[in-house]
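Hello,

I am handing over the structure we spoke about. Please look through it first; my notes on what was found follow below.

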Amino acid sequence: MTVKARKRIAAGAVLLLIAGSLAWFGSRPTNSAKPEGGPPAFLTQGMPIMSRPVELTFLAGKSATSASSWDDVLVWKHYAGMSNMRIRFQLVPFESLGETRKLMLATGNYPDAFYAGRLTAAELMKYGKEGVLVPLEDLIDKYAPNIRALLGRYPDLRNSLTMPDGHIYSVPSYYDPDFLSMLIGTPLWINRKWLETLHMPEPQTTDELYAYLKAVKERDPNGNGVADEIPYGSIGINVLLHQLKGAWGLGNRGLANVNVDWDEKSGRLRFIPADPAYKELLEYVHMLYAEGLIEKDIFTIGSGEFYAKGALGVYGSAVMPNPFTLMKMTGYVGAPALQGPHGDRLYSHVKPPLAHIGAFAVTNKNKYPEATLRWIDYLFGDEGSKLFFMGVPSVSYEETPDGELRYVEPITASPDGLTMEQALTPYVTWLGGSYPGYARAPLFKGSESLPESLAAAEKVKPYAVKEIWPPFNFSPGSLGTEITSYVQSMQYKFITGEVPFTDWDKYIGNLKMIGLDSYMQQYNEAFQAYSRSK
């Protein structure tokens, strides 16, 4: 099947999903029925949050590894009993969440709240101004002590959440700034067993990475006499580009502003996909692709297929959270920061602590906004974080006398042969990220907290970017969408060879025709506003 055919099928699936989601919200029951004994009252402290049970509907983004329904997941059943707030989660895969969310907001058929909703700064500004999203700053001050304390501890976070109109419309997904393995998230993993079999050292440069991938393809490191090894694989090509661009000195302000960083030579913002160094990066990745060193279906492969292949032990390298938790594969080691052809050795694959600005938002259809904010605030505290990330004591985790949290053995060593993430699905829903919450050690025990992930972070730490920009609050509108779409399209065409690199100047000219200069002017204004707020 061609890439275009797959994209058509995927687009059709998205439309069906969106239609189903809209129909679901259109037919959902209202909260108008009053419980026996009078209306429920909001309680300002402790548990429960409401005097009588209430029900709300949240649109929630989910990963492929999360449960298909959250109705019976331990964390939400337990929390509903504590809080008297039952949440009906309408789940939408992250792959189609953006289109579903946009259509719901545009048609007015939206839920009581967005959970793991990935709302953009532009959407927060637009729908906050229109009154669709509820301003939260006053509610945070009154009813959300954990979020209020977080904003006080990290003033940059409050600045980032505050929209140009002075209001806060969202609750974030936030990572402890000192939790480096969490900020890295998805290292480049190398098959250490195959390195040993091939008698090769751990790659330190992009040339050495190429040599290793070529050896995986040609020298049968698994020893089965069949050329079934895949030198490199991942879900999409972008994660590889983000891992490699520091070897060309690109991405020196981290991942939040993915196409823009700082040009030290000129002392101004730089649009990365128009830089000559980016062309060299694409030429390198094109070489890998043309020589069969990259998964042939990398542009279309889904997470389920990728993890299933990985469980067969066919990948020589991969970018992902952790091969053990997702594929039950051991023997991989995090790659170091690679040195590029001009001596650059920068590890730029570092997210800002503010992972998602629009992880959670309350809409004007919500009858209990104060209670809803108390509901999410509990998950930002120590007790709530334990519940959210670990589940229930003696059921999904145990706490040692010295305070260390550990998942129970049926999760870490499933008797049914499940991966750790598969074994966790009946208990928690943070799998796949984007959740509203505060991830920090020792309360978070996911992929990023495993020994090999911590070791991978320590290895790249000396080369990691030092100044990490948060996402800037501005809305380039259709111009930003058009530029991003064109960059993605041409990235695919250059890497696959559909367009030769002799057309690079034509590509740059088209970017300018679309409006790159105007886009960068808007970006610079947002950057200046950010700089003034520091």
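**Strands and cavities**

Strand 1 (residues 54-62) and strand 3 run parallel, with three bridges joining them. This is a predicted model, so please read everything here as computed from that prediction.

One of the contacts between these two strands pairs leucine 59 with phenylalanine 114 of strand 3. Strand 3 itself spans residues 113-119 and is mostly covered, as six of its seven residues are buried.

Strand 3 also pairs with strand 10 (residues 354-362). Here the two run antiparallel, and four bridges join them. Alanine 113 stands opposite valine 362 of strand 10.

Back at strand 1, there is a further partner, strand 2 (residues 85-93). Nine bridges join strand 1 to strand 2, and the pair runs parallel. Valine 54 has methionine 85 in strand 2 as its bridge partner. To get from strand 1 to strand 2, the chain passes through helix 2 (residues 74-83), and this β-α-β crossover is right-handed.

Now to the cavities. The structure holds four of 30 Å³ or more, and the largest cavity contains about 90 Å³ of space. Which residues line the largest cavity? They are Leu188, Gln243, Leu244, Gly246, Ala247, Ala335, Pro336, Ala337, Leu338, Leu346 and Tyr347. By class, nine residues of this lining are nonpolar and two are polar, while none is charged.

Regards

Notes: Residues are numbered from 1 along each chain as its sequence is written. This is a predicted model: local features need pLDDT of at least 70, side-chain atom pairs count only at pLDDT 80 or more; totals for chains, interfaces and linings use all residues. Side-chain values use heavy atoms; hydrogens and water are left out. Buried means under 20% relative accessible area, exposed over 50%, partly exposed in between (1.4 Å probe, protein chains only). Two strands pair if DSSP finds at least two bridges between them. A crossover is right-handed if, with the strands pointing away from the viewer, the path from the first strand over the helix to the second runs clockwise. On a 1 Å grid over the protein atoms alone, a cavity is a set of points where a 1.4 Å probe fits but cannot get out, and a pocket is an open set with protein on both sides within 12 Å along at least five of seven lines; lining residues have an atom within 4 Å of a point. Grid points are joined across faces, edges and corners, and a volume is the space filled by probe spheres set on the points. Ala, Val, Leu, Ile, Met, Phe, Trp, Tyr, Cys and Pro count as nonpolar, Asp, Glu, Lys and Arg as charged, and the others, Gly among them, as polar.
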